[in-house]
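Please consult the sequence and the structure shown below while reading.

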Amino acid sequence: MADRHTQSRRGYLKAVGVASAIGLTGLSGCVDRLTGSGGSGPINFGSILPITGDLSDFGSGMQKGVNLAVEDMNDAGGPLGRTVEHSGKDSETDAQKAKNKYETLVSENEIVGFVGAASSGVSVPLAKTIASDQVMQVSPASTSPVLKNLGFGDPDDTKYFARTAPNDSQQGIIMGMAMNEFVNAKSAAFLHVNNAYGEGLAKKAQENFNGETLQLVPYSSKTSDYTSTLDKLFKGNPDAVGFVGYPESGRSILQTWKGGGYGGTGSSARDSTRRSSSARFRTS
């Protein structure tokens with residue numbers, strides 16, 4: 001894939017004729033729509049961000065950033081002297097709902113690009129369709145390594161997906177190193193949200209952990225009771241826990257963790273041995 005990525009990067013840079021802070025242009029299909037016949041009206045642009053759902057803690061801030069970028073561009077005269085018309089959608093941190101809203105933005109708003117999504121679990125299914133629609137997607141938070149191979153168009157091989165956050169390969173390495181060097185754990189278990197982000201980061205952390213991995217336990221952010229999940233996680237009495245999750249469900253998990261006495265600082269009598277956690281609450 002290295003040659004393909006190199007070629008697509010060259011094609012992307014060559015195609016960039018009108019740069020904007022949020023990647024509205026720079027792709028052949030988008031440029032055609034911006035500069036072709038009738039190219040004098042507003043440029044339709046979207047966002048699909050988690051205003052509600054498991055990542056709502058971050059969504060409003062992301063939306064404010066998009067709104068500010070659109071305002072600044074329009075105040076400066078707009079790309080090609082045209083106004084950017086922004087349509088924002090709430091992903092609800094849900095892949096199917098986000099996909100439905102993306103399809104509405106494409107069919108009804110005729111967007112040339114959008115900012116989003118936040119979660120990799122939402123960005124991945126969107127990135128699988130953007131090339132055929134010739135719509136540019138720029139995520140401010142999705143970090144799954146899977147996304148490096150998605151969003152390629154044929155036959156020009158242009159990549160329609162970009163992101164401003166590093167992928168989880170680097171983050172997983174650091175988590176594994178922390179468990180080795182700072183915790184000095186001999187055994188560990190990994191708990192992760194059951195999507196591309198959680199699984200990818202947890203597996204990369206596991207690969208870089210030198211001790212014995214007792215189990216990788218996925219969890220659903222829609223679950224209301226995490227007792228059985230934590231029972232599985234702590235089976236075998238791990239020295240450390242690598243936790244990859246989101247804030248909203250993460251709070252519930254940590255409350256159940258503390259209340260059930262599974263171990264860690266401040267836990268109850270069930271803490272028969274030292275247990276540590278390496279938690280990552282991310283938007284990705």
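**Parallel strands**

In this predicted model, strand β3 (residues 113–116) runs parallel to β4, and three bridges join the pair. Within that pairing, G113 has M136 of β4 as its bridge partner. Strand β4 is also paired with strand β5 (residues 161–163), again in the parallel sense and over three bridges. Here S139 stands opposite R163 in β5.

Strand β4 (residues 136–139) is covered on both of its faces. M136 and V138 are buried on one side, while Q137 and S139 are buried on the other.

**Helix α5**

Helix α5 covers residues 120–127, and six of its eight residues are buried, so the rest of the structure largely encloses the helix. The buried residues are S120, V122, S123, V124, L126 and A127.

In soluble globular proteins, nonpolar side chains tend to be buried together. The largest nonpolar core in this model has 39 residues, of which F190, L191, L230 and L233 touch the most other members. Strand β6 (residues 187–193) gives the most to this core, contributing five residues. Another core, of 18 residues, lies apart from it; L105, I111, V135 and L150 are among its members.

Leaving aside residues up to four places away in sequence, F190 has contacts that include M175, M179, F209, L216, V217 and L233. F190 also touches Q206, T213, Q215 and G242, among others.

Key
Residues numbered from 1 in each chain as written. Predicted model: local features only at pLDDT ≥ 70, side-chain atom pairs only at ≥ 80, totals over all residues. Heavy atoms only, no water. Buried < 20%, exposed > 50% of the residue type's maximum accessible area, 1.4 Å probe, protein only. Helix = DSSP H or I, 4+ residues; strand = E, 2+ residues; numbered from the N terminus. Core = buried A, V, L, I, M, F, W, Y, C linked by side-chain atoms within 4.5 Å. Contact = heavy atoms within 4.5 Å. Pairing = 2+ DSSP bridges.
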